[in-house]
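These are my notebook entries on a single protein chain.

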Amino acid sequence: MDTTVRDPLIGHLLDDRYHVEARVAVGGMATVYRALDTRLDRRLALKVMHPSLAVDSGFVERFIREAKAAARLDHPNVVGVTDQGRDRGWVYLAMEYVPGCTLRDVLRDGGPLTPRAVLDILEPVLAGLGAAHRAGLVHRDVKPENVLIGDDGRVKVADFGLVRGVDAGTSTGAGGTGGSGSLLGTVSYLAPEQIEHGTVEPRGDVYACGIMLYEMLTGTKPHTGDSPAQVLLSHVRDDVPAPSLRVPGLPSALDRLVAVACERNPSRRPADAAVLLSLTRSIRAGMTDAELDAVPDTRAPSPPEAWKVGSEDPTSVVPVRSVLGSEAPDRVERTAVIEVPPVPEEPAPGYGQPGDPGDPQPLRRRPRRARLALLGLLVAVLGLGAGFWYVNAGQFLRTPGVYDLPRAEAERVLDEAGLRAEFREEFSPVVEAGHVIATQPERGDRIRRNGTVTVTLSRGPEVVEVPDVAGMPEDTARDALREVGLTPGDSTAEFHPTVPRGAVISTEPAAGAERRPDSAVALTVSRGRELSVPDVVGMPEGTAIQRLRETGFEVEVTGERVHAEQEAGTVAAQSPGTGESAGEGDTVTLEISKGPEMIVVPDVRGMEEDAAIRVLEDAGFEVEVQRVFFFGTVFNQSVHSGGSAPKGSTITIYVR
């Protein structure tokens with residue numbers, strides 16, 4: 001006789017919507033099933049919490065909270081979450097179904113992978129985790145069992161069941177389980193800081209990815225032991241060895257990548273998966289095709305049987321005291337896989353049945369009057385009970401779910417339940433126009449029979465049309481965009497032959513395009529006509545200003561005049577410079593000369609030629625030499641001692 005207990009969920013219609021077809025996998029905290037969404041006629045995966053945990057309100061609250069957090073992720077390398085709920089004792093999560101296998105299956109069947117295959121898997125995993133980290137979420141249970149490889153080759157990270165917000169605190173108890181003295185996760189992939197301090201941050205996921213990278217390269221786990229406690233201690237005390245020690249010939253770049261990801265000091269690890277992804281891509285770019293496609297040498301000895309890659313390694317609740325205390329670890333308390341037996345049929349109600357310890361005398365032996373009195377009492381109790389039930393529950397029913405149904409179908413479902421429907425409309429960015437967004441009361445809430453359900457239908461995503469602001473001053477155009485619900489974006493200045501300076505030339509997206517509210521609209525603003533700046537250096541100040549204004553520029557004169565070779569009162573410098581392009585109405589800045597700086601000329605007569613040149617140049621002059629002979633001493637100079645000359649001017653010396 002077959003004494004195995006049948007899984008009670010297989011064949012069951014969960015929450016009047018999900019038909020459970022088969023069990024896919026069993027984990028330490030939940031079981032995953034393949035199911036059919038009868039409402040949308042699509043196949044999906046159901047993750048159902050083990051009933052032994054579902055009675056713990058703390059686990060259930062975390063399950064619901066973290067399911068909502070995971071549902072915020074929208075990334076091609078993350079398994080999407082579509083729904084969450086509970087039906088009687090079952091707490092479930094509906095997820096995208098990915099037909100294929102897990103990375104654990106690949107490693108179990110094929111052992112070590114080529115570096116190219118390893119990186120082809122690691123990169124999308126890091127991309128998905130990077131999106132989670134940048135969204136403020138930490139996975140906390142990265143391992144090969146949670147990496148799905150679809151039949152089409154796509155790689156997705158699954159099971160964000162332990163996901164936690166980075167801003168939710170760094171630790172809970174000893175390890176983030178919600179109670180002190182326990183550690184939630186998978187022993188082979190826990191980072192040292194998680195084990196010692198219960199720290200929850202993206203670097204813990206980076207460490208787990210490093211362990212997984214080592215496994216893919218070598219076919220083994222880096223930390224082994226006779227018990228999970230020994231493995232945890234190895235994480236804390238021992239560095240991850242270079243994978244090339246187990247698989248000779250692996251490129252040293254992969255050794256470095258493993259070492260960086262598995263650094264025991266979290267501050268030396270990449271800050272999140274996105275940083276590790278950038279490093280991985282850089283290392284891959286430096287590898288040759290021969291290195292990427294090298295077949296691993298599997299002649300190295302295998303690890304202990306209990307810790308081979310193919311062995312089960314479920315998420316566990318591990319007593320931290322037994323692992324890190326002075327006593328030797330003697331047991332590991334893991335969340336158990338629960339198989340729920342069928343609910344036994346209740347015995348038919350009755351009183352005084354033979355053998356009932358509460359009734360020493362069989363009913364058939366009681367006097368007729370006593371039996372009639374008992375029957376009357378039973379009828380009265382049942383009548384009162386029926387009345388109480390009707391007043392408190394019998395006149396109520398549960399609001400059926402009609403989410404995402406078209407109006408006609410939703411109205412039919414409610415009508416069949418004996419309820420009336422009242423419709424209203426709202427914009428929705430995700431639900432198709434004409435389909436149900438929400439109901440009031442919500443699905444599963446109590447409502448009086450023949451009551452009215454307010455059904456909110458989608459009007460589709462709210463869109464606004466980009467107004468035509470061409471030709472408007474920039475400030476006016478920005479106000480016009482805000483009035484219709486759009487966000488003015490960056491502005492870019494360009495020359496334009498006809499649009500006045502400061503007015504809008506065009507927008508991106510263009511006028512008439514439809515966008516969702518708050519979308520950014522970039523502006524291109526005119527700098528006016530493109531003009532060439534004339535040369536006014538050396539002109540008298542007034543003449544230069546008039547020339548620039550006639551050309552189409554504004555003029556600004558700096559307050560302080562400068563020494564220059566130009567005569568006092570003339571333009572010493574201009575910005576923009578001569579011939580540069582500027583827009584009509586742009587400002588040209590002028591510096592006005594106060595004449596050259598006059599310097600007393602040193603007397604160098606009687607000096608050797610070289611010494612005389614050096615003295616004059618140090619004083620700020622140019623030097624010209626007139627020789628009577630090829631070399632000798634200075635017997636005369638163009639400006640004698642006590643005379644002055646403009647700084648930078650030329651002094652002639654005469655040598656004989």
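**Entry 1: overall make-up**

I began with contacts between residues at least 6 apart in sequence: 67% of those in the protein chain join residues at least 24 apart. I note that the model is predicted. For secondary structure I recorded 16 helices and 33 strands. Of the 656 residues of the chain, 43% count as buried.

**Entry 2: the largest nonpolar core**

Which members of the largest nonpolar core touch the most other members? I found Met49, Leu103, Ile121, Val125 and Met216, out of 67 residues in that core. Helix α6 (residues 202–218) supplies the largest share of this core, ten residues. I also noted that at least three core residues come from each of domain 1 (12–96) and domain 2 (100–165 + 186–295). I then listed the partners of Met216, leaving out residues up to four places away in sequence: Leu103, Leu107, Pro112, Leu113, Val118, Ile121 and Leu122.

**Entry 3: α4 against α6**

I looked up how helix α4 (residues 115–134) packs with α6 and found an angle of about 170°, with the axes 11 Å apart. Because the angle is over 145 degrees, α4 is roughly antiparallel to α6. On the α4 side, the contact is made by Val118, Ile121, Leu122, Val125, Leu126, Leu129 and His133. On the α6 side, Pro202, Asp205, Cys209, Met212, Leu213, Met216 and Leu217 take part. I sorted the residues of this contact into twelve nonpolar, one polar and one charged.

**Entry 4: Tyr214**

I stayed on α6 for Tyr214. Is Tyr214 buried or exposed? Its relative accessibility is 3%, so Tyr214 counts as buried. Beyond its neighbours within four places in sequence, its contacts include Val240, Pro241, Ala242, Pro243, Arg246 and Val258. I also recorded 9.7 Å between the C-alpha atoms of Tyr214 and Ser244, which lie 30 residues apart along the chain.

**Entry 5: backbone exceptions**

I kept in mind that most residues other than glycine have a negative phi, and that most peptide bonds are trans. Arg88, in the loop between β5 (81–87) and β6 (90–96), has a positive phi of about 55°. Arg140, in the loop between β8 (137–138) and β9 (147–150), has a positive phi near 75°. Arg88 is exposed, with a relative accessible area of 61%, whereas Arg140 is buried at 6%.

I then turned to cis peptide bonds. The bond from Gln440 to Pro441 is cis, with omega near 5°, and Pro441 lies in the loop between β16 (436–440) and β17 (446–448). Ser575 and Pro576 are also joined by a cis peptide bond, with omega about 0°. Pro576 is in the loop between β26 (571–575) and β27 (581–583).

Key. Residues numbered from 1 in each chain as written. Predicted model: local features only at pLDDT ≥ 70, side-chain atom pairs only at ≥ 80, totals over all residues. Heavy atoms only, no water. Core = buried A, V, L, I, M, F, W, Y, C linked by side-chain atoms within 4.5 Å. Buried < 20%, exposed > 50% of the residue type's maximum accessible area, 1.4 Å probe, protein only. Helix = DSSP H or I, 4+ residues; strand = E, 2+ residues; numbered from the N terminus. Domains from an automatic or database assignment. Contact = heavy atoms within 4.5 Å. Axes fitted to C-alpha atoms, helices over the stretch in contact; angles between N-to-C directions. Parallel < 35°, antiparallel > 145°, perpendicular 65-115°, else oblique. Nonpolar A, V, L, I, M, F, W, Y, C, P; charged D, E, K, R; others polar.
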